[in-house]
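Good morning, and thank you for making time for this presentation. Please look at the sequence and the model as they come up, and keep both in view while I speak.

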Amino acid sequence: MRRGVAAVAVALLLVSGCTDDKRKKPAPEPSPDLTSAPRAVAIDPGPFEAGPFEPPGHGAYFGAWIKPDQLTHVGRLAAVGGLEESLGRRLDFINTYRRFDQLMGTPSDKEFLSQGANLMISWATGDNRSILAGEHDRLIRQQARAIRKIKKPVLLRMRWEMDRPNLRATMWSGEDYIAAWKYVREIFRKEKAENVSWVWCPTAEGFVRGEAPDFYPGDDQVDWTCVDVYAGAQFQPIGKLMGPFLDWAAQRPKPIVIGEFGVAKAWGSAGRKAWLEDAERTFKANRQIKAIAYFESDPEGNGPNQQFQLTGDKAAFGAFHSLVQDPYFNP
């Protein structure tokens, strides 16, 4: 009898547990609102003291990183040329990535410059404490001279996304990054690399976590503020994803460049189209944003939440095309 009662009790508990699990199952997240008017937060239209790379008086420059099929001179030229042909316009500036020891002013850089484009160089500097110890002075001087030879104004993102947790082993801390920033900038000053606008560019997530401001070198050290923002793991309006950054940047007398932005394939063509249309409205509402650069790339080994290429997605590319043809982004 006791065994029978016990069995019934266990069965009742199991049924109850299953029922509770069903009750606790989270409701699906509501679809994000991509149609309402975006928040206008960073609304200072300038003029700004922004270093030699001057922002437009009205509107915003448009640029991009386009991953080439091959990281060669020919490959880079073909990638940029192909996107420009599809968009029916030239890019105002081209985002290009450089390792710490990879000298600026490559043949493809020079070709882009000769075609009238400008450069935003994303420079992956190394360990901040080894920089401060003077271990890379010769290399930094070489880079300063290489940029000086470009002669045209350059946007330089020194160790962009420095707030990422996976970079902490080489960034060490906000204090170390700031000290290294000042150290490198002083070397550039001594080498008379006076054609550089210094761009400070953390992640939108770093502002959500509250960590990114710890890496800010100061208004006297930074010419443009910047953020990288993606609808990757989360499908939210761009204004929400970078909201904490905009609140912070609105308090700084600096123009803003969106260093990288993108919407992942995981969210479908219709979702991507709506997201890009909302992004256009958000950029226009926040007039302190003076330059934007799309991340036209599907990085190898990444899943659909980290694939951002728009080419081949008819609906999404159509919205993208409308954005870049808008006179606001052709200042």
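This is a predicted model: local features need pLDDT of at least 70, side-chain atom pairs count only at pLDDT 80 or more; totals for chains, interfaces and linings use all residues.

I begin with Asp-228, which is located in strand E6, residues 224-231. Its relative accessible area is 1%; because buried means under 20%, Asp-228 is classed as buried. What does the side chain of Asp-228 reach? It comes to 3.0 Å from the backbone nitrogen of Glu-260. A polar contact also joins the side chain of Asp-228 to that of Arg-157, at 2.9 Å. Setting aside neighbours within four places in sequence, the contacts of Asp-228 include Trp-160, Glu-161, Pro-202 and Gly-259.

The structure holds 1 disulfide. Cys-201 pairs with Cys-226, with the two sulfur atoms 2.1 Å apart. Which parts of the chain does this pair tie together? Cys-201 sits in the loop between strand E5 (196-200) and helix H8 (204-209), while Cys-226 belongs to strand E6, so the bond links parts that are 25 residues apart in sequence. The torsion about the S-S bond is about -50°, and the disulfide is therefore left-handed. Cys-201 is buried, with a relative accessible area of 0%, and Cys-226 is likewise buried at 0%.

Let me turn to the nonpolar core. In soluble globular proteins, nonpolar side chains tend to be buried together. Here, the largest nonpolar core has 101 residues. Which of them touch the most other members? They are Phe-188 and Trp-275. Not counting residues up to four places away in sequence, Phe-188 touches a set of residues that includes Trp-123, Ile-140, Ile-147, Leu-156, Val-196 and Trp-198. Gln-143 is also among the residues that Phe-188 touches.

The structure holds 1 cavity of 30 Å³ or more, and the largest cavity contains about 90 Å³. Which elements give two or more residues to its lining? They are strand E1 (61-66), helix H2 (73-87), strand E2 (93-99) and helix H3 (107-114). The largest share, 4 residues, comes from E2. Among the lining residues are Trp-65, Arg-76, Asn-95, Arg-98, Asp-109 and Phe-112.

The loop between E2 and H3 contains Gly-105. With a relative accessible area of 16%, Gly-105 is buried, because the cut-off is 20%. Beyond its neighbours within four places in sequence, Gly-105 is in contact with Lys-110 and Ile-150.

Finally, the backbone. Most residues other than glycine have a negative phi, and most peptide bonds are trans. The peptide bond from Gly-46 to Pro-47 is cis, with omega near 5°. Pro-47 lies in the loop between helix H1 (2-24) and E1.

Lys-151, not a glycine, has a positive phi of about 75°, and Glu-161, also not a glycine, has a positive phi of about 55°. Is each of these residues buried or exposed? Lys-151 is exposed, with a relative accessible area of 71%, whereas Glu-161 is buried at 9%. Lys-151 is in the loop between helix H5 (137-150) and strand E4 (154-158).

Thank you for your attention.

Conventions:
Residues are numbered from 1 along each chain as its sequence is written. Side-chain values use heavy atoms; hydrogens and water are left out. Buried means under 20% relative accessible area, exposed over 50%, partly exposed in between (1.4 Å probe, protein chains only). A polar contact is a pair of N or O atoms within 3.5 Å; within protein, one must be able to donate a hydrogen and the other to accept it, and residues adjacent in sequence count only if both atoms are side-chain atoms. Contact means heavy atoms within 4.5 Å. A disulfide is a pair of cysteine sulfur atoms within 2.5 Å. A nonpolar core is a set of buried Ala, Val, Leu, Ile, Met, Phe, Trp, Tyr and Cys residues joined through side-chain atoms within 4.5 Å. On a 1 Å grid over the protein atoms alone, a cavity is a set of points where a 1.4 Å probe fits but cannot get out, and a pocket is an open set with protein on both sides within 12 Å along at least five of seven lines; lining residues have an atom within 4 Å of a point. Grid points are joined across faces, edges and corners, and a volume is the space filled by probe spheres set on the points.
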